[in-house]
Every structure is written in C-alpha cells, then in structure tokens.
Number of protein chains: 2
Amino acid sequence: MTAPEHPEGAGWRDEERFELDADGRLRDVHATAPTKYTDGSSIDWFAEEALARARTQMLHSQHGIRGFLLPAMDAARMWFVVILTGVSIGVAGAWLDVLVKWLADLREGRCTYGFFYNQPACCSGLDPGELCTEWKSWSAFLNVRMIGAQAILQSTIYVALAIVFAASAAILVQSYAPYAFHTGIPEIKAILSGYVLDAFLTPWTLLIKALGLALSVASGLVLGKEGPLVHVACCIATLLSRLFSQFKNNEAEKRKMLAAAAAAGVSVAFGSPLGGVLFGLEELDTFAKEFDVMWRGFVASAVAAVALQYIDPFGTSKLVLFQVTSGSDTWQGFEMFPWLALGVIGGVLGSLLIKLNVQVALLRRYSLIHEYPVLEVIGVSAVTAAVSFLIVFCRVQMAELVANLFQECDPNRGDYHGLCNPTALWENVFLLSLTAGIKLVLTSWTFGMMVPAGIFMPTIAIGACLGRAMGLIMQDVQRWYPDAWMFTSCPPDPSVRCISPGFYAVVGAAAMLGGVTRMTISIVVILFELTGALSHVVPIMVAVMTAKMVGDALGSDGIYPIWIALRRYPWLPPVDYKDKGATGASFMRSAEDVVCLEDGERTIGELERLASEKSFNGFPVLAKGRLVGYVERERLLSALRRLEGDTSRKALFSNPKRDAEEMENAVDLTALLEPSMLFLRQDTPQEVVISMFQKLNLRRILFTRAGGLFAGLVTKSDIVALLNRHFPHAAALAEHP
Amino acid sequence: MTAPEHPEGAGWRDEERFELDADGRLRDVHATAPTKYTDGSSIDWFAEEALARARTQMLHSQHGIRGFLLPAMDAARMWFVVILTGVSIGVAGAWLDVLVKWLADLREGRCTYGFFYNQPACCSGLDPGELCTEWKSWSAFLNVRMIGAQAILQSTIYVALAIVFAASAAILVQSYAPYAFHTGIPEIKAILSGYVLDAFLTPWTLLIKALGLALSVASGLVLGKEGPLVHVACCIATLLSRLFSQFKNNEAEKRKMLAAAAAAGVSVAFGSPLGGVLFGLEELDTFAKEFDVMWRGFVASAVAAVALQYIDPFGTSKLVLFQVTSGSDTWQGFEMFPWLALGVIGGVLGSLLIKLNVQVALLRRYSLIHEYPVLEVIGVSAVTAAVSFLIVFCRVQMAELVANLFQECDPNRGDYHGLCNPTALWENVFLLSLTAGIKLVLTSWTFGMMVPAGIFMPTIAIGACLGRAMGLIMQDVQRWYPDAWMFTSCPPDPSVRCISPGFYAVVGAAAMLGGVTRMTISIVVILFELTGALSHVVPIMVAVMTAKMVGDALGSDGIYPIWIALRRYPWLPPVDYKDKGATGASFMRSAEDVVCLEDGERTIGELERLASEKSFNGFPVLAKGRLVGYVERERLLSALRRLEGDTSRKALFSNPKRDAEEMENAVDLTALLEPSMLFLRQDTPQEVVISMFQKLNLRRILFTRAGGLFAGLVTKSDIVALLNRHFPHAAALAEHP
C-alpha cells in the first residue's frame, strides 16, 4: 500500500495560464489551454472533459449567426472524421486483403502474364469448367518436370518465402516501429481507459503495422489480421483527428474517436458491422459509459462495411466471409450435448492456450531469445512452414481452411482435401485434431513475437477443426445407429442430412473464441454475421456461455486482460470485485503517509521546496485538518512560478481570515484545487470504492474519518494492483519496447 | 430547487436491529435485516448491495464443507430461477400465441370438428393443394347463402367479437389489476433503476395481463404483444424469486433477476434471443452497469428461445417469424437514397406518433373519458373493427400483414391481396399509405387505454406499409426507366429482380421503430433476427440511424422516457447532459434550507421531535460545521426508539470529547451514518454531478464549500426534475391507477 505512486497524470501546464485579478487573487485564465501528457501517464478525464465543455460553451455563447454556425461546424468536423475514418479503414482493409492474397499465392506460383496478379485475378474471366492455364506453379513456370525435383522446388520456395516474409516483417517492426508488434488490442484498451501512449499511434506505426501485417499473414505464421486491423484503424483515426484542434488538443475527445475507429476496425476485419459495435460495447469501456461514443462507433462501423463492400476485395459482393450452406434450418435437441461438450473443450483449451502463451512470453523475456527477436521469428516461421507443408489442413491459408470447415459437404462442390470422404472418417478426425493441436502450440508461441499478430483467426481455426471433428463423429454415429433413441427426432429418410458437421465447426469456433477472449455477445454476433447461421444463434450462444463459464472456473482471465497485466498498463478490469468486509480505511494510504498542505499557511518558498522534493502527483489540501480539496503538483508548480515573477505581493494576501503578518507569506490555494474531487467516508466498503473507480474514470479518491477529518487517499494504481493481485506474473513485461 | 423532497427511500427498519454493546455504544446488530420499502419509494442501492455482500460473506465464512456448499447452493438457486424464468416465459409466450390465434380466428369462423381448433390446426394434415373444408366461415357454418346476408353476418360477428374481446380485457384490467394496462416497459425501466412498485409485479397482475393481452390482441385493436410480454416475464421472475429468501429479502438482487427476465421477454416476443440481450443492454441501465446481469440475461434469453422453439407454436420449427425470401443477396448503391428517405420519414412520423400519443393521453386524463375507460375501449375497438373490416390490409392480423409485406412477390405463392399485381401499383401505394395513416392515428389513441398494449408491432406495421409502398414506387420507376443512370448497376436482364420491395418494408419498419423508440442496435439485431436479412444489415443500420437523428432533431425523446416523465417515475434518462458552466453550487439545496444535525449535541428528545416534524428523508450530520456524514430519518427514528426503551443512559455517553454534563444528553450518531455517502466540492461542474447520479445509482450527494464546510445537497429527484425540465407535460399523469 505504500508503493510509490504511479506517475499518472504527470504532465505540465503552462504557467502563463495564471493571472492576478484586480483584487490580487490568483486566477486561472487559460482554463482552455490543453494539458500535455507524456507517454506512460494517464489523462485526467475530468479535466479533459472540462476543457471540452468550456470549448462548447464558448462556441455556443457567440453572438448571432456565429453562435449557430460554430457549433454546427464542430459537429460537422466530428462526423467528417468519423466517416472518413470509416471509409479509410474499409479501403485499407480491402487493400490489405488483396496484398495478402497476392503475397500468399506467390509462395505457390505466379501468373504468366503479369507478376502482380494473384491467382483468382489471374484466372478470372474463364468460363466455368475451363482450366486455368495462366496461373503456373513455380515448378511448372520453371519447367521442372521431375516429380521429385518438383516437390523439392515447391517446398523450398514455400518455406523460403515464408521465412523471407516473416523476417522482413520482424525487421521492419524492430527497426522502425516496435509498437507495431503483437495485436494491439491490450494497448488500445489501456489507451481508451486513459493511458497515454502516443508512440503507439504514430503514422509510422500505421505504415509498419499495415505492411508488416500483410507480410506476416502471407508468411503463413499462425496469426490473424483482425486485432492488428483494429490497431491500424486507431492509427488512421489519430492521423485524421490531428486535422482539427478540437481532437488534437483534447485527449478525451481523441479517445472517443479512437473507440469509434476500433469498432470500425472490427467491422472491416470480420465484415461484421454489428459485431464491431458490440465488440466496442463489450471490450471497450468507453462505449458503455458514453452513449454518443457508441453512436459514433455505429456510424463508423456501418460506413466501413459499406466501403469494404463497395471495393469488394473478394469479388463476392457480399460481406459474409464464410457463408454456411447448411441444408437444414433446424437442429435437434440431442445435439445440445455435443455442443455443450464443445463449449467445455473450448473453455479448457482456451485457458490452456492463454497459460502456454504467458509461459512463452515469460520464457522469451527472461532468456536469450529476448536479444534476438528477428532470429526467433525466422525460426518459428521456418518450423511453421515446414510443419504446414506436410499437413494439408495446415498448409492452406487459414481463412480458406475455416471457410471450408464451415461448409457442408456437397457432391457438386467436390471433396475438400478428402474432408467429405465418408470412408476416411477417422483419418479426418485425426488430421483435424492434429491440426488443432499444432495450431494451438504454434499460436501460443507466435502471439507475442516481434511481428503484427492477431489471435482471433487462429482461435477460430482451432475451434473449427475440433468442431468439425466432433460433427464428423456425430454424423458417423448417426449413420451407424440411426435407430438409437438420440436420433429418433432425425428425419427418417437417410438421404436427408440430420447432422451438419459444418455447423459444428461454427459452434467449435465460437466455443474456442469464448475460451480465449472471454467475450460473449460480440462473439455470437460476429460469428453469426460471419456465417449467416441465423437459425443457429441459440447453439452458438450456449457454446460461448459454456466456454466462458468453464474458462472462468479454471481461474484465468481472458487473453487481453492478461497481456495488460503483464505489461502493467493502468487499466481497471471491469470485474465485479467482492471484498471480504474490507472498507476504504483498510486499503487507503493513510493520512500519516501523505504529505498534506494546510491552506493559506505555507509560503511560496515552502510550497516550492515541497513540490520539487516530493514525487507525489499532488497534495490533499486541508484547513485545520478538515479536507478542502486536492491540488496537483504540476499545477501548483506552474502557479508558484507565476507568483514568483510577480512584484506585487498582493497576490498572496487573499485569505481574509488571517492576520496581516501571516498573510504576508501564505498562499491561498483555492484557485488551484481540482474542481471534481470525490470524498468518501473511510467506512465505505471496498467494493463500492472500486466500482466508483471503474465507473467514473477517477484517478484518486480522498477519504474522511469521524469528525470530517482527512483520513487518507486511494489512487487508481492502488486499485489496479489490488485487482491484479491474484495474477502471479503481473508486470512481468512492464518494460516496453 | 426548494421543492419538497420526493419520498424516495421512505421505508422502515426494525428498531430491534440496534443494540448496545458492552461499552454502552449503539451498535447495528441486524445489518443483514432487509429494509421494507413502500410503493412509490426508491431503494437504496448501496444498502441493498451491502446486505447482499454481508450475506455472501456470511456464507463464505462458514467452516468446512458448509463454507463451500452454502455459496454453491446460492449460485445454484440463482441459476435455477434464471433458467426456470426462461422456460416459463418461453412456454407462456407460446401458449399466448396459440390462444391469440384461436381467438382471432374465431372472429372469422370456426372448425367444424372441434371448437377449440384454430384455423391452421383445423386444416392441418391435408395434402398440398387440397381444399380445407373443415374450417367454415360463420356464414358457411350457419348456412347463410345470400351474398348480402353473408357480408352483414360476417361483418357483424367480426365487429361484435372485437368489441366483446376488447371490453372483457378492459373490464378485467380495470377491476382486478389496473397496473396490467399499457405496455409496462416504462414501469420496468423505473423499477430496474430502483423505484418500488410491488403492485406492478403481483401474480394477479401476471394473470390479468396475460389474459387481457390475448383478448386485446385478438380483438384486432392496433397494439402489439411485445412490450406486455416483457411485463409478463418480469411478473413470472418476481413470482419465482419469492421462492428463495436471497431474492425475496433483497431488492437489488430482485432487480437483477427482473432485468434478466425482461431480456427473456423480448427474446420470446420476437423470437430473437440476441435481440433480448441487446434490448437489455440498450434500454435497461442495469445491464450496462453490472456485468453479471448481462450474463444472466444472456442465459435467460437463450433458454427462453429454446423453450419457444421446442414448443413451436407456429409449427414452423424455427424462431424466425418473418423470413425474408429476398431473391438477391446484394443491394445497389442508389438504393441508399430511398432508404435514407425512409429513415427521414420514420423519424418524422415517429415523433408525430409520440406527440399525438401524448396529446391523447392528456385529453384522456383531463376530460370525461377518464371516468369511463371501458366505454373508451369499446368505442375505439368498434371504430377499429369497422374501419379494419373495410380495408383489406387493416383487416388481416398485424403479424400476418407484416410477414407478407416483408416477403417478395413470387408467382408460386400467389398474389397477396393484390399486392403483387404490377398493374395496380398506384392503388397499392395508396392503400398501403392509407393503412399506415389509419394505424398511426389508431395507435396513438390505443397506446395508453385501459388494455394491455404494446407499441412495437403497430410501429413495425406502419413502417412496413410505408417501406413497401416506397419499394413498389422504386420498382415501377426502374421498370419504366431501366436505362436511367441510377439503374445502370442493375442486372441487364429485366427478369432478374433489381429492387426488392419486401426488403424496403423491412427498412421502413426499422426506420419507424427507430423514430418511435429511439433504440439503435437492439432494433437492428431484432429485425435482423426477425427476418434473417443478414446481407442487408447495413441498410437497416443506416435507416435506424437516420430515423433516430431526425427524431432527436425534432426535439422529442423516445416514447418510453416520455411516458416515464408523464407518470413521474424517478428515473434518470441516460442523456449526455450539457451544462452551461453551472456547478453543483448553482442547483443544490443550500445548507441554509437543509436541517442539519450537529453530532453529539442533540438529546434523544430533540432528535425525535425533529425527525417526526420534518418530512425530509434524512439529515446531514456535521461536527462544528464540518461535514461528517448523512443519517436517514427512518434509521434515526428506529435507533431513537431503541434508546428510549433503554434504562441505562450509558448508551448516550459515547462522545469522549464532551464534558460529563453535556454527555448526559447528547446522542452519538456515528453508528447511524450511511456508510457509502458521496461528498463533492460545490465547484464540481453540474455535468459531472449528473453523470455520477446516472452511473452510480445514487440517491443524494452532499457538497462542501471552501474550508471543508457543509454547503448543500442534491437528491435524485432534483436531477430527474432538471433533466425533464424541457418536457412541458412532465408529471401530467403522476396519479397512478
């Protein structure tokens, strides 16, 4: 409890903002001047919102037509940024898809009439059934005829290009934008809750993240593009909001814009505009707290989806990536059992994946690997490429694998790598389980390396493999025992499909996502927009619920909160903390350990010495032991600097209650107090204190004790430490790149 | 600002809860005893949550196996109630559907072989194409052969039964359960935010609401069953949670259960489990504030949907009520214009509907109609039935109309009342607009009469009529000018449908719902689950957004907040209030107008006199002007009664600082202070104060001024009054039934 206070809110304010009024009192004349924060600090939400408020009031108070036009312009600028962000991320997402497809196809072959065509583009314009001769595998292109040499050539190019792509991504990230590594969602969650990390959102990071993402996805590493796309969206929003001072100079407004952009990022990543909004609601606290943020997210998501659909990178002119072509719209009651089982598996494997990932992250941090991130990427990509080349379900691009696992077998569509061959049932089940296992291990290593990497798509792929395997087993059981009691509700005609393994894959993916991310509604909506499996929303809900319950019972948080804790961002998990009868008094820093200022009793010199010596963020201000307010250190220092330069000593004589001699030296702190400061009785239950921090974006709460006297204070970092107490590795990766 | 304090929190506590400890100090021994609230008061969230906390701690502190078993039992009971509520509301919803269908069909004819079969049940088991001879219209059944007499007989029975059904519903409601009238959603919103209205949730209300709902829907009045079903779900949850003391004795826990039940109600009403959860998130504040409530709502919704699907009242074995059979999965860019237009129309007509509805409510309240609610219902149902019988789109049951408007024309399905006749275009457009207009007027009268009545379905029907009309116009324009620049993106083959009027109906319904309820995401999800129009989620979003923006610009709130304001429930709208530089000081009740208690300075007699004379809810407690805390009046009275009966005066001698003589008479109030009381500086901006009330379920905030002295207080009712200031008719219907 007596740990040094986290440097939240360390920023500076211009001393020019203070002036003396006619009576010689200190006055805050530049209340609208923005505070500049340094990376690693936390913003003061109340102060930022007060700035925004002052600005709005100033605009509305203009006379005549200006009083109407200026606020309208303000709103227009806001919507301009929201819509432009939506369009940009839609365009960026579409181009990224095209780039990835081209790079990935390059690993297999090239287009004879143009190097920059990917395979579908190269083969477009053919009649159905016509063979595509323009796209040639490398061995065909290089005229290698021997089967053995062909295999060696193909596999060598496949592995070599994988390594080249992955290494380029790692070098780019390491050399130019270290913050472009990883998924970015933990950082975004922290930033949205008030953490300052401007290096994370520079144009340079945007460029490297986008390029590195394309390279790392194309390299075939087991990672997804969804999380990083959210980061890209946030970078774009930051770039665009610099155009207007209303965002540039206000950290709260900037964050509201970022939240909307994050929703748009999810919308584009999954082609799921509604999923974007719900992701915002569930994962980004800003949404739930501010109605108009949800509203902007809604617009940005819709615009981004329209832009994506308009550009139509897949040439399907629809948003749905993995259309489920389920034969039947209904499901049978007994299927609830395998689905519940998938939910349990998702919860268990999700927790396992999280734990493995944490162990790998710790190993990487505390071993030699830490020194050679590019070598690590090269090694892992070589292993991944070599393993993948051998197992067919690992070799295909993940999106293609998932799309095919979600599909029902259809004799007209062909036999997807033997998946639809009913005689090879156990081989398929084995192969799918093996693929899931390999991907699980590779994902837990890859997620955290020095390349942009998301965890959504690998998780979906693992879940889809397991679900499909479960579906195949169920289908086989039904085929052999059609008269068992379980299957009585199936249609009697054996040619009508009763069990849809493709839908089991969807359920498996939902369960796995639930286990890893611990999200609920957003997963259901995303999967349901992703697949169009409308009539099956209840099974998806059940699987996600079960997975989350099992995962939570296994005692771990979701992967994003874990990474936030590992990196020690000051982010309050939205958990429902239960105390054991503790009150504010039992965890506050008590008054004896806190340096307090008696109002109107200290001279400039004393105050300045105190403020310079102590590293606290600020000081409670008392009047004869009674709590009056709180003054921030930086604000105090600026004001003192202003006062020092002033020749008239009148500025200090503002406490009318004191006699002349004392007044000579004492500083009246009233003008410097934080306006919105929360005081509570020290008997307030700990739970209530924590929920106030969670709901109000507070930085600190002051406590009073019997008789109204100052008792102590609690800061946000105390609460963060308390809530992460159960996680043994908290702050293990606190050193940032 | 000096209005009498609203009687929030007026309840009593047992004086037995106070005891004197060994030192003679007052001690609160029954902190776990439930507070009993009277109807019309507001619960104290902090106190209720403290009770729940104390209970949990007590359970966990048990030794051995009990310490594990008791908490597990607690959780099991909670899930038992959640799941049973889900199942019950699923079953109730299914049976209500069956009952309504039977009653409504009875207005047209009867089944020859069994009076209790509805038309589809009567005609089931026929081969496709076979004519159903078992179901006979009344004229056929009574062997009336003359065409004229047939028409007269049919119309007479149609109108007469409508009146009988409606009148029975009104009589039932008026005589047995006045709270069963109307939709119930405003009351539920108020109750969930802490208002106490036990009469609203009795088993009796449940019965009357369900029965009255079936009758009023079957009578053909322009109303829906969706809102009332949410009320029914909440009654069921109340009934079930009485089984266990953990809910019965804790108002906060009870409300969490109600929120989950409300979500299940929406899930059943629309067959939309996800929509239920989102309705909860958007409309019920409890969801956003408490994660585990959303979680319960999720489970209850899913269970209810499974129960409904299992019972399968429509015999379609799917949840989707109005499947859209849109030919194409895509839409053209130019269609955005008619959809935006529909959004604008939805916003304008939605606001108009709300304004008309308020005017009718005021007229009803302040005229003779108020005295004769049953006559009013009879009159309106007669007019409705008569008008409906004449216009074909009004005559059919609303759900059937909507289902058909959402469908595309298909030569194999037949020509729905001439809707698919391309030569009768303008007749259809006129008829649809007329239907929309009639329904708009009838809805604004019906919603608020003495029958259970929801507004969702009429709103959907109005919007669907207008949307379909717009779609028909667009289709005709395209038919005549296929080469116009707008239509260049249409497929060149004229036999391929480019414009889907059925989908325009969905967009129209979304826009109208947006205009009336001002919800956003939940409407999109509900409509999208209702229709399966997955690929069209973006247009629905755009229409809802536009409708909400236009509606908000026209200056009115949604229909539910308006009714809450009309009835003056203490509910804080989740608006983003913007002050004009005002602070807490400018709207608080200032210290001079508030009766304060100096701690340890008043005798029992003085305190008792004060507490009995003043009707305030409680008193700030000061120590030499410094703010110490707040004591509630009822709690103070109970403690005083306890002290009076005590022979030892020692109980009062607990203030060690006072000299013996004074101590003789003074009461130490420390044990009676509210533990969780918020103090703020009076300079805190009004916006911040209001957002704290909105986010923390507070009942009051105390303010301090310079020097830490008590400055004043603000209560929740002050905030409610402030936020409803702009609505001229606030509290117009404050007298409850």
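Visitor: How many residue pairs are in polar contact between chain A and chain B?

Guide: Seven residue pairs, with both residues at pLDDT 80 or more. A polar contact is a pair of N or O atoms within 3.5 Å; within protein, one must be able to donate a hydrogen and the other to accept it, and residues adjacent in sequence count only if both atoms are side-chain atoms. This is a predicted model, where local features need pLDDT of at least 70, side-chain atom pairs count only at pLDDT 80 or more, and totals for chains, interfaces and linings use all residues. Residues are numbered from 1 along each chain as its sequence is written, chains are lettered from A and ligands numbered from 1 in the order in which they are written, and side-chain values use heavy atoms, with hydrogens and water left out.

Visitor: What makes Glu687(A) and Arg53(B) a salt bridge?

Guide: The rule asks for a side-chain nitrogen of Lys or Arg within 4 Å of a carboxyl oxygen of Asp or Glu. Here the N to O distance is 3.1 Å, so the pair meets the rule. The interface of chain A and chain B has two salt bridges by this rule.

Visitor: Which element supplies the largest share of the side of chain A that touches chain B?

Guide: H13(A), with ten residues. Helices (H or I, at least four residues) and strands (E, at least two) are DSSP runs, numbered from the N terminus. The residues on that side of chain A divide into 43 nonpolar, 15 polar and 18 charged; Gly counts as polar.

Visitor: Why are S11(A) and S11(B) called paired?

Guide: Two strands pair if DSSP finds at least two bridges between them. Three bridges join S11(A) to S11(B), and the strands run antiparallel, so they pair. Leu680(A) has Leu678(B) as its bridge partner.

Visitor: How do you know that the copies meet through the same surface?

Guide: Of the interface residues of chain A, 99% are also interface residues in chain B, so the surface is the same. With contact meaning heavy atoms within 4.5 Å, 76 residues of chain A touch 76 residues of chain B.
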